[in-house]
Amino acid sequence: MKFPTHAVFFGWQPAAWLRVRGSDAANFLQGQFTNDLRSIPQGDGVYGLWLNVKGKVVADSFVLRGGAAGEYWVASYFSPAAVICERLESFVIADDVVIEDMTTEWAAVTIFGEGMKEALAGETQGGFLFCGRRGREESVEWVFPTSQQAAVRAQLVGGRACSTEEMARRRIAAGIPAVPADLGLGDLPNEGGLEADTISYTKGCYLGQEVMARLKSMGQVRRRLMRVAFAGEEIPARPAPLFLGARQVGELRSAAPDDAGGCIGLAMLSLLQVAPGAALAFAPDAPATINLLEPDSR
């Protein structure tokens, strides 16, 4: 395959790449994952979350169907393999389920560009393809054995490699949380705006399902992850407290330089205390230099 010169790619190491197999693997994963795995698209994955009993976010991942009967793969950009393994293994009782951490044996590349998933079909060197969640632009994730890295790099000749900073900027600009940096054990999926993409309300029981059902029936959460912008300051260590006057109203969870000399970020903010259009500060009663962006990219 000749790689299109207009395409952009980013090489990355999965934080988690697990193989889950066994005669009970399908039912076991279905009973733990927030999204419905009964109809995983052929050659693609389903994105969702792993919650605790209180409905708080433990980790996120894609789940893909493997080539063998009863085989599934669990992939995550940022949630550590050890965290997902511990979360799953703690609920394996008498199930015929084996969970294997294969993270160090696989590598990955994100490729941006319309139609790239179809263009790469048949060129994956024994790997996996699935649609990514990296930004507004269409993207595909290609996960492959580390033994194939040289062959994959050869196929990418002609495209443009992007930096980690650019990837963060794409994600933040699209309002996509990184788990667990932006959304973690102290947070509900709805606070990160993930309920539409990750929660199935029709699949039946899973850990945290009762909390999700109550949230759906009772209404809004009290906090929300929002996009912010600020200029003229260095990016502070995160999480960084944010203030409205003398009162702390949230915290900056992630940030990256933008294309105009400033920065954009994702901040968890109180909906009771922060009105649309409010300006915030990094210190009590300091000049308000942090602006909320319109929630038009979710």
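Reader: Let's start with Met-212: which residues does Met-212 touch, leaving out those up to four places away in sequence?

Author: With those neighbours left out, Met-212 touches Leu-51, Gly-55, Leu-188, Pro-189, Asn-190, Ile-199, Tyr-201 and Tyr-206. Bear in mind that this is a predicted model.

Reader: And how do I read a nonpolar core? Which residues of the largest one touch the most other members?

Author: The general idea first: in soluble globular proteins, nonpolar side chains tend to be buried together. Here the largest nonpolar core has 40 residues, and those touching the most other members are Trp-17, Leu-64, Trp-73, Trp-106 and Met-212. Apart from that core lies another one of 22 residues, including Ala-16, Leu-29, Ile-84 and Ile-99.

Reader: Now a charged one. Is Glu-71 buried or exposed?

Author: The cut-off for buried is under 20% relative accessible area. Glu-71 comes out at 12%, so Glu-71 is buried. You'll find Glu-71 in strand β5, which covers residues 71-76. Setting aside residues up to four places away in sequence, Glu-71 touches Arg-19, Val-20, Arg-21, Leu-64, Arg-65 and Gly-66.

Reader: How should I read the two faces of a strand, say β14?

Author: In a regular strand the side chains alternate between the two faces of the sheet. In β14, Cys-263, Gly-265, Ala-267 and Leu-269 point one way, while Ile-264, Leu-266, Met-268 and Ser-270 point the other way.

Reader: Why is β14 described as largely enclosed by the rest of the structure?

Author: Because 8 of the 8 residues in β14 (residues 263-270) are buried.

Reader: Which strands pair with β14?

Author: Strand β11 (residues 223-230) pairs with β14 in the antiparallel sense over 8 bridges. Strand β13 (residues 247-257) also runs antiparallel to β14, joined by 7 bridges. Ala-267 is a handy landmark in β14: Met-226 stands opposite Ala-267, and Leu-252 stands opposite Ala-267 too.

Reader: What sits between β13 and β14?

Author: The two strands form a hairpin with 5 residues between them, and Gly-261 in the turn has a positive phi of about 90 degrees.

Reader: Last topic, the cysteines. How many disulfides does a search of the whole structure find?

Author: A disulfide is a covalent bond between the sulfur atoms of two cysteines. Searching the whole structure gives 0 disulfides. Take Cys-263: the nearest cysteine sulfur belongs to Cys-162, 18 Å away, and Cys-263 is in no disulfide.

Reader: Are Cys-263 and Cys-205 buried or exposed?

Author: Cys-263 is buried, at 7% relative accessible area, whereas Cys-205 is exposed, at 66%.

Key
Residues numbered from 1 in each chain as written. Predicted model: local features only at pLDDT ≥ 70, side-chain atom pairs only at ≥ 80, totals over all residues. Heavy atoms only, no water. Core = buried A, V, L, I, M, F, W, Y, C linked by side-chain atoms within 4.5 Å. Buried < 20%, exposed > 50% of the residue type's maximum accessible area, 1.4 Å probe, protein only. Contact = heavy atoms within 4.5 Å. Helix = DSSP H or I, 4+ residues; strand = E, 2+ residues; numbered from the N terminus. Pairing = 2+ DSSP bridges. Disulfide = S-S within 2.5 Å.
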